[in-house]
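Trainee: Can you walk me through this one? I have not looked at it before.

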Amino acid sequence: MKGYELYSWQTRGQWYFSLIVGTNREKSYHEITSRKVRVKGIERLKKRLDQLPRGEEINWSTHRKWTAELLPQAIANEIVAYCQRQGLILRLI
């Protein structure tokens, strides 16, 4: 797998995101939620996305594996639009 993997979940009313280099294996909960890779809030996610080159591929796991909460549609739309403006290829999986 090439590109990056994006994960999102909610804890104590705050949305967190992890942007991890893509691999051919499933990530553990610890890998995804580690302080080393997670960011709190959409603005910090955008700063991470800004570091990627145009044309980079991102697979966003939208499965409810890590949380019972679905990301609000307005936030999801904002992230999708931001990636488009940055020239990033975002796929919902």
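Trainee: Which residue is the bridge partner of tyrosine 7 in E2?
Mentor: Serine 18 is that partner. This is a predicted model, where local features need pLDDT of at least 70, side-chain atom pairs count only at pLDDT 80 or more, and totals for chains, interfaces and linings use all residues. Residues are numbered from 1 along each chain as its sequence is written, and side-chain values use heavy atoms, with hydrogens and water left out.

Trainee: How do strands E1 and E2 pair?
Mentor: E1 (residues 4-11) and E2 (residues 14-21) are antiparallel, over eight bridges. Two strands pair if DSSP finds at least two bridges between them. Strands (E, at least two residues) and helices (H or I, at least four) are DSSP runs, numbered from the N terminus.

Trainee: And what is the strand order in the sheet?
Mentor: E3-E2-E1-E4-E5, in an open sheet of five strands with mixed pairing. The edge strands, E3 (38-40) and E5 (89-92), each pair on one side only.

Trainee: Switching to H3. Which of its residues are buried?
Mentor: Ala76, Ile79, Tyr82 and Cys83. Buried means under 20% relative accessible area, exposed over 50%, and partly exposed in between, with a 1.4 Å probe and protein chains only.

Trainee: What follows H3?
Mentor: Glycine 87, with a positive phi near 75°.
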